[in-house]
Amino acid sequence: MSARKKGGGVLIYHILAVGDVVGQQGLDHLERRLRPLKRLKDIHFTVVNGENAAGTGLLPQQVDILFQAGADVVTLGNHTFGKSQIIRQLDEDPYLLRPANFTGRAPGRGWGVYDCGRVQVGVMNLIGRCGLDFNADNPFTTADRILKTEKPRFTLVDFHAEATSEKLAIGYYLDGRVSAVWGTHTHVPTADEGVFPKGTGYITDLGMTGPVHSVLGIPTEQSIDRFLGGPPQRHQTAEGPCKMQGAIFSLDSETGLCVDVERVDIR
């Protein structure tokens with residue numbers, strides 16, 4: 001799609017970020033709803049977090065489904081290695097990203113630069129350290145290191161983190177240096193979408209793509225039983241109607257910064 005012009009001939013690009021896809025139900029809903037939304041909103045580039053497509057992790061065939069449904073880049077998080085079958089694809093597929101601040105010998109990459117019409121889009125995937133014990137490097141300094149390398153027109157950051165304070169802090173830390181920062185992982189959308197003082201678009205959490213009547217995608221009775229002290233069970237995905245949640249960031253091609261953020265919730 002061609003970018004739309006605003007006053008003075010500046011092109012505005014619409015970037016869609018989609019919250020964590022949960023289970024087969026979430027995949028099915030994404031397949032039905034993503035492309036119609038992209039047409040309706042004139043979306044130029046789409047990033048989908050897919051780390052829960054198989055419940056905990058995702059499988060190679062599910063990566064294919066995400067791309068066929070309309071994702072340009074798929075990001076991951078704490079369940080990156082939940083399914084061992086994906087490990088080889090992490091090394092081979094430049095459009096599949098795991099958190100860049102994983103340490104040691106983790107396969108894959110956490111940063112990529114992609115063509116989007118007349119401009120390039122950089123996508124960075126990071127994981128938080130508050131409440132997520134993955135022996136990860138500091139996400140703040142990891143972002144600093146990456147931003148010293150390539151300089152695409154737009155830079156997008158999927159910060160997969162538990163704590164809202166950590167998400168807000170990195171948003172302000174990167175304000176003016178990246179085009180957009182959004183949070184994933186908690187599966188509950190926040191109502192704080194907006195543009196920070198120096199021009200970075202932000203939302204603390206996108207929400208999820210999966211069953212409406214659930215606890216983060218899990219059947220309500222299964223989650224309640226665990227809180228009542230029941231034994232651990234293999235996570236299932238709830239049945240019933242689904243939602244696709246995320247946000248659209250409108251980016252100025254001249255400055256590389258954000259001019260508007262809109263939440264989306266497609267039932």
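Author: Buried means under 20% relative accessible area, exposed over 50%, and partly exposed in between (1.4 Å probe, protein chains only). Heads-up: this is a predicted model, where local features need pLDDT of at least 70, side-chain atom pairs count only at pLDDT 80 or more, and totals for chains, interfaces and linings use all residues. Residues are numbered from 1 along each chain as its sequence is written, and side-chain values use heavy atoms, with hydrogens and water left out.

Reader: Okay, so does histidine 29 count as buried or exposed?

Author: Histidine 29 lies in helix α1 (residues 23-41); helices (H or I, at least four residues) and strands (E, at least two) are DSSP runs, numbered from the N terminus. Leave out residues up to four places away in sequence, and histidine 29 touches Thr209, Cys242, Lys243, Met244, Ile266 and Arg267, where contact means heavy atoms within 4.5 Å. Its relative accessibility is 2%, so histidine 29 counts as buried.

Reader: Zooming out, what radius of gyration does the protein chain have?

Author: The C-alpha trace spans about 60 × 40 × 35 Å along its principal axes, and buried residues make up 57% of the 267 residues. The radius of gyration is taken over C-alpha atoms, and the globule rule is 2.2 Å times the number of residues to the power 0.38. A compact globule with 267 residues would have a value near 18 Å, and the protein chain agrees with that because it has 17 Å.

Reader: And what share of the contacts with a separation of 6 or more comes from residues 24 or more positions apart?

Author: For background, the chain has six helices and 15 strands. Among contacts with a separation of 6 or more, the share from residues 24 or more positions apart is 64%.

Reader: How many of the nine residues of strand β8 are buried?

Author: Six bridges tie β8 to antiparallel β7 (residues 111-116), while seven bridges tie β8 to parallel β9 (residues 154-160). Strand β8 (residues 119-127) is largely enclosed by the rest of the structure, because the buried count is eight.

Reader: Which residue takes a positive phi in the hairpin of β7 and β8?

Author: That hairpin has two residues between the strands. The positive phi is near 65°, and the residue taking it is glycine 117.

Reader: Now the rings: how many aromatic pairs are there?

Author: Rings of Phe, Tyr and Trp (its six-membered ring) pair if their centres lie within 6.5 Å; planes under 30 degrees apart count as stacked, over 60 as edge-to-face and the rest as tilted. Such pairs link Phe45, Tyr95 and Tyr114 into a cluster. The number of aromatic pairs is eight.

Reader: What is the centre to centre distance for phenylalanine 140 and tyrosine 173?

Author: Phenylalanine 140 sits in helix α4 (residues 139-147) and tyrosine 173 in helix α5 (residues 164-173), 33 residues apart. Their planes make an angle of 65°, an edge-to-face pair, and the centre to centre distance is 5.3 Å.

Technical notes. Two strands pair if DSSP finds at least two bridges between them.
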